[in-house]
Amino acid sequence: MKTLEVRLPGKEYRIEIGSGILETAGETVRSVARGKKAAVITDSNVDSIYGGRVRKSLKEAGFDCFTVVVSPGEGSKSMEVYSEVCEKLLDGGLTRKDIIVALGGGVVGDLAGFAAATVLRGVDFVQIPTTLLSQVDSSVGGKVAVNLNAGKNLAGAFHQPKAVVIDTDCLDTLPDRVFSDGMAEVIKYGAIEDADLFRRLSALGGRTGIMSEIEDVVYTCVDIKRRIVEGDEKDEGGRMVLNFGHTLGHAYEKSGGYSRYTHGEAVAAGMVKIAKIGEEIGITRKGCSDEIRDLIRTYGLPDSIEIGLEEYSQAVGIDKKAEGREINLIFIEDIGKAVIRKMDTLRLIGLIRGVEA
Ligand SMILES: NC(=O)c1ccc[n+]([C@@H]2O[C@H](COP(=O)([O-])OP(=O)(O)OC[C@H]3O[C@@H](n4cnc5c(N)ncnc54)[C@H](O)[C@@H]3O)[C@@H](O)[C@H]2O)c1
Ligand SMILES: O=C(O)C(=O)C[C@@H](O)[C@H](O)[C@H](O)COP(=O)(O)O
Ligand SMILES: [Zn+2]
């Protein structure tokens with residue numbers, strides 16, 4: 001097992017990465033819990049495969065536990081489901097000293113984390129991520145949220161978990177499409193921060209290759225995120241680089257009603273487009289967008305998604321990185337080197353039109 005420590009003053013936590021560590025998750029939760037009760041929040045797919053194992057481990061560690069199950073999919077990241085989850089947590093007798101366990105992918109982690117941040121004005125939670133995307137990205141860093149009609153992740157909080165338990169064996173049961181989603185964020189880390197990782201992903205060539213080095217790939221990504229989050233927990237500066245491809249990606253997700261394209265697919269197409277724009281205006285080395293596109297294709301992700309300029313405009317307007325008429329955009333200068341640049345939103349829309357022409 002590999003471990004990492006997120007050092008945020010007063011909110012430090014440990015991340016465990018290993019094979020088969022779901023079996024001892026209860027002990028890890030016990031080591032950070034203050035109360036006797038644990039509420040597991042999960043979705044029905046994950047519950048049927050891993051729920052029993054996690055509950056057994058929690059019970060062996062002395063917890064009195066109950067489970068709140070939501071429907072799988074992005075639709076559960078909504079105010080309606082959030083409200084139902086909070087009611088069920090209270091029906092189950094959750095008190096402020098108890099702990100929530102988020103067992104599932106990024107949807108469950110974001111939803112359960114937002115419930116943890118707000119129910120009873122905040123209770124502790126532990127992340128047990130079961131998708132590649134949630135293992136390399138969403139379980140770490142404390143961004144928790146649900147979507148609003150206006151856009152993606154627009155009601156949320158920063159609420160750090162007390163621990164993260166990453167059992168890479170969970171990846172064996174992922175459908176290919178869900179595995180690919182996670183690869184979009186893995187490729188993002190290479191593109192923004194780690195050219196060696198980017199080249200390694202290219203050499204590994206697909207799911208089988210990645211799985212042969214999975215502990216190390218997950219560790220590398222989580223370590224990058226840990227470092228960035230430690231430098232800027234609340235997304236006021238350096239953390240924004242983790243949003244590479246996301247401004248346009250969130251527009252694609254919204255335009256598809258949060259069901260046509262997954263987060264990973266939308267981010268993949270968003271990274272290619274913003275890299276092309278970067279090349280157009282001389283920020284990004286020519287050729288980077290082709291390199292990202294090739295890697296994205298290798299991992300079965302779409303390299304472009306077509307939507308209207310009006311849809312881009314709406315999404316850009318409500319982006320959390322916007323400041324008045326300007327938006328902070330994440331570009332890369334080269335593979336492995338991200339930069340943040342302010343741009344007038346109208347100019348961005350003009351550039352999107354330009355690269356599409
Ligand atoms: N908070 C953050 O920092 C952050 C970072 C990146 C993405 N996200 C969010 O994460 C969400 C996407 O997460 P995701 O890609 O994990 O999708 P997801 O949570 O919807 O999971 C995808 C599917 O895989 C199933 N599943 C989960 N684990 C499984 C397993 N081990 N075996 C078989 N099936 C399994 C789920 O039931 C679901 O049907 C988006 O809402 C995105 O906005 C958040
Ligand atoms: O942790 C971060 O910071 C990220 O930006 C990670 C992203 O991969 C993730 O999709 C995040 O939820 C996006 O956040 P948002 O602030 O753009 O909603
Ligand atoms: Zn993301």
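Trainee: In this predicted model, which residues does His246 touch, leaving aside residues up to four places away in sequence?

Mentor: A contact list of this kind leaves out residues up to four places away in sequence, and for His246 it holds Val267 and Gly270. His246 itself lies in helix H10, which covers residues 246–255.

Trainee: How does His263 read by the two approaches, contacts and burial?

Mentor: His263, placed in helix H11 (residues 263–280), touches Gly106, Leu133, Asp181 and Glu253, again not counting residues up to four places away in sequence. His263 is buried, because 27 other C-beta atoms lie within 10 Å.

Trainee: Which residues does UniProt list under "binding site"?

Mentor: The unreviewed UniProt entry lists Glu185, His246 and His263 under that name. Although they span 79 residues in sequence, no two of their C-alpha atoms are more than 10.3 Å apart, so they gather at one spot.

Trainee: How many residues surround ligand 1, and which are the closest?

Mentor: The surrounding shell has 30 residues, of which Asn45, Gly105, Gly106, Thr131 and Ser138 are the closest. Sorted by class, the shell holds 9 nonpolar, 13 polar and 8 charged residues.

Trainee: Which helices and domains supply the shell around ligand 1?

Mentor: At least two residues come from each of helix H2 (44–60), helix H4 (106–118), helix H5 (132–138), helix H6 (176–193) and H11, while domain 1 (2–172) and domain 2 (176–356) each give at least three.

Notes: Residues numbered from 1 in each chain as written. Chains lettered and ligands numbered in written order. Predicted model: local features only at pLDDT ≥ 70, side-chain atom pairs only at ≥ 80, totals over all residues. UniProt positions renumbered as here; feature names shortened; annotations may be inferred. Helix = DSSP H or I, 4+ residues; strand = E, 2+ residues; numbered from the N terminus. Contact = placed C-beta atoms within 7 Å. Buried ≥ 20, exposed ≤ 12 C-beta atoms within 10 Å, placed from the backbone. Near = placed C-beta within 6 Å. Nonpolar A, V, L, I, M, F, W, Y, C, P; charged D, E, K, R; others polar. Domains from an automatic or database assignment.
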